[in-house]
Amino acid sequence: MSKLPPHVARAAAVVPSPRQLAWQEIEFYSFIHYGINTYTDREWGDGQEDPALFNPTNLDCRQWAKVCKAAGMRGLVLTAKHHDGFCLWPTATTKHSVESSPWKNGQGDVVRECAQACAEVGLKFGLYLSPWDQNASCYGQGKAYDDFYCEQLRELLTNYGDLFCMWFDGACGEGPNGKKQEYDWERYYATIREFQPDAVISITGPDVRWVGNEAGVCRPSEWSVVPAFHSNAEKIAAASQQTDGKPPSAPKDQGYAGWDLGSRKALAKAKDWAPIWYPAEVDVSIRKGWFYHENEDLTVKPLAKLRDIYYKSVGANASLLLNLPPTPQGVLHERDVDTLISLGAQLKVDFKENLIEGSTITAGCQLDGAHGAQNILQPSKDAFWHSGELDGKAELLLDLGDDLDINKIVLQENIATGQQIEEFELYADLNPEETGKHKWKLLEKGTIIGYKRIVLFDEIRVRRFKIVITQCRGFATLQNIEAY
Ligand code: FUL
């Protein structure tokens, strides 16, 4: 076996943490941007807003949660505090919160209502807490603000049940006294690990990587193993929004990190950095902005666009965080609701019946008796195909047992043993006869697979598929294949 270059071997040995593995399976979840901006019709507030402006007439977190569930999501992330500093929960750290609003006579708690609604419908719950705070008087004063911020974190991490994610964005501006704060990220991270060790820390954090744009676009090869500098907080902040808070409408670029983050070439260039498991999350809004604006009611993305974003994120080894902004009444607008319900219905149709049942899968090689290709059909996550040391190609033959109409194949690596596959090809056998002679038609020549790759193609009637792993990092695995 030819030896892998050391920097490639090092990347091949990187595996996800249990919390990253659990997060990966959530796949599709919502962002809820709601707060004082909802009442001032702005994207970014300035911290001077009167809390009395916050007055939903019909706050209905259950509606948010139910719609998310109907759309096919498995989680929800709420903006507990945006850059204006207004807190959606009654915090002991500041009066700039729902407590000073007329809503429920200051007795309300949006974070609690939302956490409860998520628990009721079976959604995981996560929180966004903006480090940038334009209202806090201690902002910009170093430790005083870090103390204040960590106390806010502690309240959120200890009073609202299990959180699957704490989301930190990179935006960092001036506070009320014109000073910028130098965040003590390590302390923030330690606070989260202490109170919610299973939660991932996303974006400006060590567990989940920002894809690099807010337009819903992934790289063609979205590597989960990348050089460690990609999780550097200053770099993330430098690439984040610096201006008026308007999300970029098009992927001007692929973010601070460029197009190729984890290929052999990219790893070679960043040899001095250790590779880390840092999978991508795509965050994009269903509308133009992150917060609700009536004049953006006509910008709700159509079903076809959302479905496309879904396939190009969840189907391309990333997760999808789709933003939904509640209206000043406190509910999701009917346009958004209709589209989300259609999306859920469409995804149900798209993935109605996995036709893999009754198939046989054989592989040209396997590590040992416990890692045969038939394992791919086992529901257990511990059962997977492992090629054994691989210096050339590996071929797998999938026989559905009958001619069936298929337009997509789902492939999943066993990422618990790392991300290994660098290039693959998928073929369908156009020879309907069982003569043993195949007429292979190339359906896809792809690069990475990772946690999940959904290969879409024009529907064909077919019985046999061939998957060829043409390049990998020493060995290849497959944990699951589905056919629709
Ligand atoms: C950005 C923020 O500035 C936007 O307002 C929004 O919250 C987005 C998700 O992150 O950094």
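The paragraphs below walk through a predicted model, beginning with a sheet and moving on to the helices and a few single residues.

The sheet is open and has eight strands, which pair in parallel in the order S5-S4-S3-S2-S1-S10-S9-S6. At its edges stand strand S5 (200-203) and strand S6 (209-210); each has a single partner strand, so one side of each is left without a neighbour in the sheet. Strands of a sheet pair through backbone hydrogen bonds, either parallel or antiparallel.

The axes of helix H6 (residues 143-159) and H7 cross at roughly 20 degrees and come within 10 Å. An angle under 35 degrees counts as roughly parallel, and H6 is therefore roughly parallel to H7. Their crossing is right-handed. On the H6 side, the contact is made by Lys143, Tyr145, Asp146, Asp147, Tyr149, Cys150, Leu153, Arg154, Leu157 and Thr158. These meet Arg187, Tyr188, Thr191, Ile192 and Phe195 in H7. By class, the contact of H6 with H7 has eight nonpolar, two polar and five charged residues.

Helix H4 (residues 61-70) has several buried residues: Cys61, Gln63, Trp64, Ala65, Val67 and Cys68. The buried residues of H4 pack against strand S1 (28-32), strand S2 (75-81) and strand S10 (318-324), and also against helix H5 (110-121) and H11. Just after H4, Gly72 takes a positive phi of about 95 degrees.

How do H4 and H5 pack, and at what angle? Their axes are 8 Å apart, and the angle is about 40 degrees. That makes H4 oblique to H5, and H4 passes H5 in a right-handed crossing. H4 supplies Cys61, Arg62, Trp64, Ala65, Lys66 and Lys69 to the contact, while H5 supplies Val110, Glu113, Cys114, Ala117, Cys118, Glu120 and Val121. The residues of the contact of H4 with H5 divide into eight nonpolar, no polar and five charged.

Another pair is formed by helix H10 (residues 303-313) and helix H11 (residues 334-350), which pack at an angle of about 55 degrees with their axes 10 Å apart. H10 is therefore oblique to H11, and it passes H11 in a right-handed crossing. Leu303, Leu306, Arg307, Tyr310 and Tyr311 in H10 meet Thr339, Ser342, Leu343, Gln346, Leu347 and Asp350 in H11. By class, this contact of H10 with H11 has six nonpolar, three polar and two charged residues. Within H10, Leu306, Ile309, Tyr310, Tyr311 and Ser313 are buried. What covers the buried residues of H10 includes S1, strand S9 (280-285), S10, H11, S13 and strand S16 (453-472).

Strand S13 (residues 394-412) runs antiparallel to S18, and four bridges join them. In this pairing, Gln412 has Asn480 in S18 as its bridge partner. In a regular strand the side chains alternate between the two faces of the sheet. Strand S18 (residues 480-483) has Asn480 and Glu482 pointing one way and Ile481 and Ala483 the other way, and all are buried.

Two single residues close the walk. Asn37 lies in helix H3 (residues 37-40). Is Asn37 buried or exposed? Buried means under 20% relative accessible area, so Asn37, at 0% relative accessibility, counts as buried. Leaving out residues up to four places away in sequence, Asn37 touches Arg42, Glu43, Trp44, Gly45, His82, Asp84 and Phe291. Lys3, in the segment before helix H1 (6-12), is exposed, with a relative accessible area of 77%. From C-alpha to C-alpha, Lys3 and His333 are 57 Å apart in space, and they are 330 residues apart in sequence.

Conventions: Residues are numbered from 1 along each chain as its sequence is written. This is a predicted model: local features need pLDDT of at least 70, side-chain atom pairs count only at pLDDT 80 or more; totals for chains, interfaces and linings use all residues. Side-chain values use heavy atoms; hydrogens and water are left out. Two strands pair if DSSP finds at least two bridges between them. Helices (H or I, at least four residues) and strands (E, at least two) are DSSP runs, numbered from the N terminus. Axes are lines fitted to C-alpha atoms, for helices over the stretch in contact, and angles run from 0 to 180 degrees between N-to-C directions. Angles under 35 degrees count as roughly parallel, over 145 as roughly antiparallel, 65 to 115 as roughly perpendicular and the rest as oblique. A crossing is left-handed if the near helix is turned anticlockwise from the far one by less than a right angle, and right-handed if clockwise. Contact means heavy atoms within 4.5 Å. Ala, Val, Leu, Ile, Met, Phe, Trp, Tyr, Cys and Pro count as nonpolar, Asp, Glu, Lys and Arg as charged, and the others, Gly among them, as polar. Buried means under 20% relative accessible area, exposed over 50%, partly exposed in between (1.4 Å probe, protein chains only).
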